[in-house]
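I opened my notebook to go through this model one feature at a time. Here is what I looked up, in the order I looked it up.

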Amino acid sequence: MTDRQHQLLVRGGTFAAIGPSGDISGVRGSGSPDGLFVRDGRHLSRWQLTADGAAPEVLTPAGPPGGDTAGRTGAGEGVARCVLVPRGGRLEPPAYTLFREQAVADSAFVETLRVVSNRAAPTTVRLALTVDADFTDQFELRADHRTYTKTGAVRSRSALEDGIRFGYRRGEWRSSTTVTAEPAPDAVEETGTGARRLVWALELAGHGTADLSLRVAARPHGTPGTPVPASPADAAAELAARTEEFTRDITLPAAWPGLAAACTRGLADLAVLQVPATGPDGEPLSVPGAGVPWFLTLLGRDALLTSLFALPYRPGLAAATLPVLAATQATESTEDAVAQPGKIVHEVRHGELAHFGQVPFARYYGSVDATPLFLVLLGAYTDRTGDVATARRLEPHARAAVSWMLDHGGLTSRGYLVYRADRGGLANQNWKDSPGAICSADGSRPTGPVTAAGAQGYAYDALRRTAALARTAWDDPVYADLLEQAATDLRDRFQRDFWMADRAFPALALDGDGRHVDALASDAGHLLWSGLLDKEYGEVVGRRLLEPDFFSGWGVRTLAAGQGAYHPLSYHRGSVWPHDNALIALGLARYGLHDEARTVAHALVEAAAASGHRLPEVLAGYAREAHPAPVPYPHACEYESRSAAAPLALLTAVGG
């Protein structure tokens, strides 16, 4: 997440995190760093304003117009505004006031600074803006204390008539950031730190004004230059047009204004979270980026679930996500990337460290569930839209994905989809992918290959949906029969091997020896969504998820309270995830548990209302009866595509 003092500005693959005064300090803290980020690199690391030699005092901190909470943690309106004055005392009112407006666009940051004199006499104001671009890779800014060697890396600074250009090169890698100003600075000064200071002496008439226009053009490696808007207002207008196109013509429930507001907020967030990608023929497309600040990139699982949630309302997300994931599908085995033929990508990165292979995430395939979810989305998209042409175009990719599930994935040899910890990447490769997330009730971790319950549900649904495609779109009934039988066999095996009779609940996973990993976990709700459980078992599980140890009042916890492994502030051992709950609500509705589905939906809608109708990535697991407002999880993405789409899934589950 961002530090609670930071304001986020997001547009496509670009975001800025700024402080209350509109500054960027570049200082690493306990939260995420501030800066301007494009394609995993920091293109502004300092952007600090002084007035007459001192940092001004904040009257109104950076935020959207009116300071409404809908945009406080991310300016969906597109502009952050703050009001500053020079420091002084009560007996000497400030001589002038500074009004800052800031916005981002694709690979750009723009600011308008207006200085207003508060006195009748002429005033001279000396403004200085300290600017730097360190081009640091986001992986270097994480709190894991890793360092990376960058042999031959060179940074450069070149003064321009109207600003400064920062450059970075390392071997074939080239990046740049260009800062220009209107009017041009009176001087560009060195600071002794590598940063540069742009200086203006502004002459203000009595009660007069002066304006500065600042434009930042970021050019990451391998990308063409893009136009920079002339002002924050122009950037906001472009964003408003994109958002209006994304949110219009959807019927929302008038009788449930809270759900309607959450859907509207989520759609607006999805509009700005679209990141550029390419399809199998090189066609440019936009797909849901996972989240800000650490994951504004393509994550296969996240894009697929987001597209599934939005499918009844915005099928264009699926229409873009499917070919993009087909284009990045693995065609050969690569150990470092955990790739095998037919596997769908987990994560795509564009930064310097990925480019040079210093992190394995340029194309990383450490996910056991993205591949079946790809097939689920393809089948659901075809059913929803009747777009058989896409199903036929992607038939080779779908067949390759099925082959991966049967062969490398483990369905044929082990009876289930199985993963092994990846030393260079992820220890867990299902949706609960943090270390220790897959655990027994006492917190102990499984040994050997892991068979996660939720992934088997996805595989079951994938086999059934692909069988339907084989019958209707590909004219291959023999293949359809094979897949249907594989799905039936998987269902029978699962209920035999995973069901814990003494707890009337499925195990979270099986360990390498086939023993139950016996934590009571929310993943059981995913089995309802996929339809893997018999009706009797499904109803028992659905009602169990609404008991107090699971249901916090704000949603279903990832792990039921009272177990040794439970912790309300653990990422996956007791927190509440909106997208997890959206899947649970859809599953409850599938099994006819409509009252329970509505209870989950009400909880999430009310949690969203507490933060301007925006659902974060994850909430703490504290009980609502003890804490009447949702407690934030300290490291959550506040813009997150699955959470943004979750209200749409709730709308589907409860029908408004």
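**Pocket notes**

I began with the lining of the second largest pocket, where strand β17 gives the largest share, five residues. Before going on, I noted that this is a predicted model, in which local features need pLDDT of at least 70, side-chain atom pairs count only at pLDDT 80 or more, and totals for chains, interfaces and linings use all residues. Residues are numbered from 1 along each chain as its sequence is written, and side-chain values use heavy atoms, with hydrogens and water left out.

Helices (H or I, at least four residues) and strands (E, at least two) are DSSP runs numbered from the N terminus.

I read off a volume of about 770 Å³ for the second largest pocket, the space filled by probe spheres set on the points. Its lining has 33 residues, and R39, V275, P276, A277 and H350 are the closest to the centre. At least two lining residues come from each of α2 (232-247), β17 (274-278), β18 (284-288) and α5 (316-327). By class I have 16 nonpolar, 13 polar and four charged; Ala, Val, Leu, Ile, Met, Phe, Trp, Tyr, Cys and Pro count as nonpolar, Asp, Glu, Lys and Arg as charged, and the others, Gly among them, as polar.

**Sheet notes**

Next I followed α2 out to β8 (96-105) and β9 (108-117), which it lies across, at about 40° to β8. Angles here run from 0 to 180 degrees between N-to-C directions of axes fitted to C-alpha atoms.

Both strands belong to an open, antiparallel sheet of eight, ordered β6-β7-β8-β9-β16-β13-β12-β11. Two strands pair if DSSP finds at least two bridges between them. I found β6 (57-63) and β11 (154-160) at the edges. Seven bridges link β13 (173-182) with β16 (209-219), and T178 has A217 as its bridge partner in β16.

**Helix notes**

How do α10 (453-472) and α12 (523-530) cross? Their axes come within 8 Å and cross at roughly 5°. They are therefore roughly parallel to each other, a label for angles under 35 degrees. Among the residues in contact (heavy atoms within 4.5 Å) I listed Y458 of α10 and W529 of α12.

Key. 1 Å grid on protein atoms, 1.4 Å probe; cavity = no way out; pocket = protein on both sides within 12 Å on 5 of 7 lines; lining within 4 Å. Parallel < 35°, antiparallel > 145°, perpendicular 65-115°, else oblique.
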